[in-house]
Amino acid sequence: MKTETTKTDSSATSTPSLKSSSGAVATPLGVTLGRYSAIILFAGFTILFGILRPETFLSSTTWRLTISEGVVTAIVALAFLVPLVAGVYDLSVGATMGTALVLMNWFGINHPDIPLWQVAIGVLVFCALIGFCSAVVIVKFRVESLIATLGVSQVLLAFQLFMSNNRQLTGAFDSNWLDLGNGQVFGIPVVAIYLVVLSVVIWFVLEHTPVGRRLFAVGGNPEAARLAGLNVERLTYGSLMISAMIGGFAGIVFSAKVGTYTSTAGPGLLFPALAAVFFGASQFARRPNVWGTLIAYFALAFGVKGLQLTFGPGTFWIQPLFQGAALLIAVALASRVVGQTKRSRKLQRDAAEASPSQPTTP
């Protein structure tokens, strides 16, 4: 008993920066604020633009419009999030969304006799096949996921141009289908409900099921996960197929909301989705997570909307500037968190190694 007491005291003495006098792990205030910076940013934008443009920014119409416009991009962000948890980058999610959109329009125009809900199911299956092909390239041919999915996105873009004959497709859907994307439930855009339901499902799977824990284990250290008995390849296949299906769902929602295909619809959503995911990864649990992604995305979206309302017409340059700056800051925050985590683990490891060498009380 005396020996155990001596070891504990020694460890506490050698790691003064990690533990407070009460024995709890001490977290610097800056780190704590950083974990909730998206919420702070959101509140700051609301106060700032609420003072500058109270008649427009604080109106219910502006909030409904901003949320409704951002739903599809937020779904694309969730599609990027799932494989990222497993340590895989899927840069084809925007192109997958565009592929789903062009297929919905093509079938709506050329085969109006097929019910659109059946077309939507077929599109999701096709998108799962896209994810499977990306996984084959990554797992079987050992191609880096960034390069593999970037190549797949270009193949998908070529497919879209072939299907659309490089033209805008419109007029494919009836009013019933468009109501699914433009209706409201108790004043809430119905597409926002789709987003919330999807988010809850992904959050539950990632945070409260063995599948989610295995994905995080693979993303944290794939070799250690493999040695622990996890089938890393199968998890990679599954994460990419689910990612592609979520991207396809974004295209289906877009078809119901807008109803028109253009070749820029999908790829244009990729960058804001990446900014939201990387910014969100520095929030809360300091790892890729659903709610951090959503709050980060809408904090940026309301910031852009506030700037547009404040400076008026001709501010089309604000959105890419704002999102680019946000991505740089997000990556810098994430790098800082990684550095702090590594230093913390090193201190803990040094303390653990030093403890057995301490003299024990006879």
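R226 and E223 are separated by about one helical turn, because the two residues stand three apart in helix α12 (residues 222-227); helices here are DSSP runs of H or I with at least four residues, strands are runs of E with at least two, and both are numbered from the N terminus. R226 forms a salt bridge with E223, with the closest N and O atoms 3.0 Å apart, where a salt bridge is a side-chain nitrogen of Lys or Arg within 4 Å of a carboxyl oxygen of Asp or Glu. R226 also forms a salt bridge with E233, and the closest N and O atoms of that pair are likewise 3.0 Å apart, so that E223, R226 and E233 are linked in a network of salt bridges. R226 counts as partly exposed at 32% relative accessibility, and E233 is partly exposed with a relative accessible area of 24%; buried means under 20% relative accessible area, exposed over 50%, and partly exposed in between, with a 1.4 Å probe and protein chains only.

## Basis of the model

This is a predicted model, in which local features need pLDDT of at least 70 and side-chain atom pairs count only at pLDDT 80 or more, while totals for chains, interfaces and linings use all residues. Residues are numbered from 1 along each chain as its sequence is written, and side-chain values use heavy atoms, with hydrogens and water left out.

## Overall composition

The secondary structure of the protein comes to 16 helices and two strands, and of its 362 residues 44% count as buried. Among contacts with a separation of 6 or more, 76% are between residues 24 or more positions apart, contact meaning heavy atoms within 4.5 Å. The accessible surface comes to about 18,400 Å², of which 67% belongs to carbon and sulfur atoms; such areas come from the Shrake-Rupley method with a 1.4 Å probe, and for residues only the protein chains shown count as cover.

K305 is buried, with a relative accessible area of 14%, whereas E69 is partly exposed at 45%.

## Helix α10 and its surroundings

Helix α9 (residues 175-182) and helix α10 (residues 190-208) pack at an angle of about 65 degrees, with their axes 5 Å apart; axes are lines fitted to C-alpha atoms, for helices over the stretch in contact, and angles run from 0 to 180 degrees between N-to-C directions. In this contact, D179, L180, G181 and N182 of α9 meet V190, V191 and Y194 of α10.

V197, V201, F204, V205 and V211 make a nonpolar surface patch of about 400 Å², and four residues of the patch, its largest share, come from α10. Patches are made of residues with over 30% relative accessible area and no salt bridge, with like charges joined within 9 Å and nonpolar side chains (Val, Leu, Ile, Met, Phe, Trp, Tyr) within 5 Å. F204 lies in helix α10 and counts as partly exposed at 43% relative accessibility.

## Positive phi values in two loops

Most residues other than glycine have a negative phi. R142, although not a glycine, has a positive phi of about 55 degrees; R142 is found in the loop between α7 (116-139) and α8 (145-164) and is exposed, with a relative accessible area of 64%. F186 also has a positive phi, near 55 degrees, and its place is in the loop between β1 (184-185) and β2 (188-189), where F186 counts as exposed at 85% relative accessibility.
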